[in-house]
Amino acid sequence: MTTIEPVPIVTPERPRRSFTARLGTLLPKIVLAPSFAITLIFVYGFILWTVYLSFTRSRILPVYDLVGLDAYYRLWSQPNWYMAIKNLAIFGVLYISLCTAIGLFIAILMDQRIRAEGLLRPIFLYPMALSFVVTGTAWKWFLNPGLGLEKTMHNLGWESFKFDWLVNTDMAIYTIVIAGVWQASGFVMAMFLAGLRGIDGEIIKAAQIDGAPVFAIYRRIIIPMLRPVFLSAFIVLAHMAIKSYDLVIALTGGGPGNATELPSTFMYSYTFTRSQMAVGSASAVMMLMGITAIIVPYLYSELREKRS
Amino acid sequence: MSAAAETVSAGSARTARIVIYSLLVLLALVYLLPLYVMLTTSFKSLAEIRGGDMLALPRDPSWEAWTKAWGQACIGVTCEGIKGYFWNSIRMVVPAVLISTVLGALNGYVLTKWRFPGHKLVFGLMLFACFIPFQAVLIPMARVLGIFGLANSTTGLVFVHVVYGLGFTTLFFRNYYEAFPDELIKAAMIDGAGFFKIFWRILLPSSGPIIVVTIIYQFTNIWNDFLFGVSFSSGAESPMTVALNNLVSSSTGVKEYNVDMAAAVFAALPTLFVYIVAGRYFVRGLMAGAVKG
């Protein structure tokens, strides 16, 4: 193979560049500049502003005298904050693992040359198009202890059936898991299905010729090959779990009591209703750190892979 | 690629098919159940809801709850239904989607075809902005909107959604234009075409799919947004999601579940409609936002 020498580009001599020519070369940057400036100010500038506020004594209005880590001490001495962290852990773990497990399970079922795939796919995916507030409203009604699922079961003759999770302090957080999984698992299914369709059929055929049972083929060959999809699903779901706010507000309002408090609801109520702006800012900074810890390594590796 | 039902004998293959189909149908029913309950409840009377079965079809279907939710239900102190809030959302979504899509297209164009030193850093910073928890910008944004007199206005919300949607729209167009052959651009440059002419004549005509994906993604996200709506607007200026939550969580008077459900369906209709009409593009947008092309 011969390498082609790059043809030296002959630049025409330009004694002085006209204004329009200079504008021409600058134009792309001029077009991009407003968006970039907006991002710098309204994302990064605002983050710094929030970080600054977290080092102040701001209550109902921002004040700008620095008092060090005071707000962080107060944040970490709030039982409410521990409740929020604990709930996020419960919700996050269950939400991510159930969405992944159910999504993968449905994707594998859907990958068995199903006739009605075009009909079934939208059914699993439509919840993703709904607003969390709509999802919360629907499930709040569906799980209503007096009139919802419980009453339906009683009508069906199962008199002892009891489902009061929505108003049960210990169980309320699981109703958020249920509604969240209902909403997002179809999306995870679509991600896995795309992954399954991308696997080279030859490898599986070879395993089948060797007489490997279907279950073993999935466990040993196919699922390990889906590793990148697992990672993507984890990132998306973890990110959604930390940001979850609307669903909690619509479904339980953070209650009963503070039973379904999450960092997002904590931040909102401390900042805007309890007049503890510095503590609210500190909790926002904590949320940002959590998401950064997940997203930055991921984005970094994705952008690096593209380069090579 | 399908591994099942080939290594097993005909009889058990048949059983396996039956099991697979029944599992899928059962799961589909579970996923449809909340929508079904939402719809049937909205057509029932309150008496029937209190006395009857949640899963039963309405005995005497009526549009009463729908007209009430649209025009008469009480949200806060006013009793004019959700129609005003529905239009608020429309007035917010349309400009926000259009502006953020146009800017995203131009950004993606610059970041792929007019690269400059540091373009990767610029893109990286804009990309990370997609993922920040918005709680980290809420307080400053509330202050700034207040200073500029945009607090509690649709214009303010349009601005907020453009700002925090830019990262995604730029990401979509950048990844799409990345695959667009540079040779065509170079040829056009040699012919003397300028920055905007190349964009208009060469890139834009082949950008149909990504424009649809971006518009649907932005439309769904902005329509469904609650956090910005509840933080930066109140009363009659609220978008639909905020009004729905106010309606459902209000504890005054008789709880009208049928009206709640009708209102929820109103809030869900636009995005469901888009999803049904252009589901393929909707999924592509979600994937592009998640896995990055």
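This is a predicted model: local features need pLDDT of at least 70, side-chain atom pairs count only at pLDDT 80 or more; totals for chains, interfaces and linings use all residues.
Over which residues of chain A does pLDDT stay under 50? The answer is residues 1-5 of chain A, and for that stretch the model has zero contacts beyond four places in sequence.

For chain A, pLDDT averages 86, and 93% of the residues score at least 70. Among its elements, helix 3 of chain A, residues 79-110, has the highest confidence, with a mean of 94. The lowest is in helix 6 of chain A, residues 149-155, where the mean is 80.

Now the fold of chain A. The C-alpha trace of chain A spans about 95 × 75 × 30 Å along its principal axes. Its radius of gyration is 26 Å, whereas a compact globule of 308 residues would have one near 19 Å. Of those 308 residues, 41% count as buried. Looking at contacts in chain A with a separation of 6 or more, 69% are between residues 24 or more positions apart.

Next, where the two chains meet. Chain A puts 90 residues into the contact and chain B puts in 78. On the chain B side, helix 13, residues 257-291, gives the most, with 16 residues. By type, the chain B side divides into 57 nonpolar, 15 polar and six charged residues.

Chain B itself has been assigned two stretches: domain 1, covering 10-62, and domain 2, covering 83-291. Their C-alpha centres lie 34 Å apart. Seven residues of domain 1 of chain B are in contact with seven residues of domain 2 of chain B. On the domain 1 side, helix 1 (10-42) and helix 2 (46-51) of chain B are the elements that give two or more residues. Helix 1 of chain B has the largest share, four residues. That side of domain 1 of chain B is made up of four nonpolar residues, two polar and one charged.

Last, one helix to look at on the screen: helix 10 of chain B, residues 208-224. From first C-alpha to last, its 17 residues reach 24 Å, close to the 24 Å expected at 1.5 Å a residue. How many of its 17 residues are buried? Twelve are, which leaves helix 10 of chain B mostly covered. The buried ones include Ile210(B), Val213(B), Tyr217(B), Phe219(B) and Trp223(B). Thr214(B), Gln218(B) and Asn221(B) are also among them.

Notes: Residues are numbered from 1 along each chain as its sequence is written. Chains are lettered from A and ligands numbered from 1 in the order in which they are written. Two residues are in contact if their C-beta atoms, placed from the backbone, lie within 7 Å. Ala, Val, Leu, Ile, Met, Phe, Trp, Tyr, Cys and Pro count as nonpolar, Asp, Glu, Lys and Arg as charged, and the others, Gly among them, as polar. pLDDT is the predictor's confidence in each residue, from 0 to 100. Domain bounds come from an automatic or database domain assignment. The expected span of a helix is 1.5 Å times one less than its number of residues. A residue is buried if 20 or more other C-beta atoms lie within 10 Å of its own, exposed if 12 or fewer, and partly exposed in between; C-beta atoms are placed from the backbone. The radius of gyration is taken over C-alpha atoms; the globule rule is 2.2 Å times the number of residues to the power 0.38.
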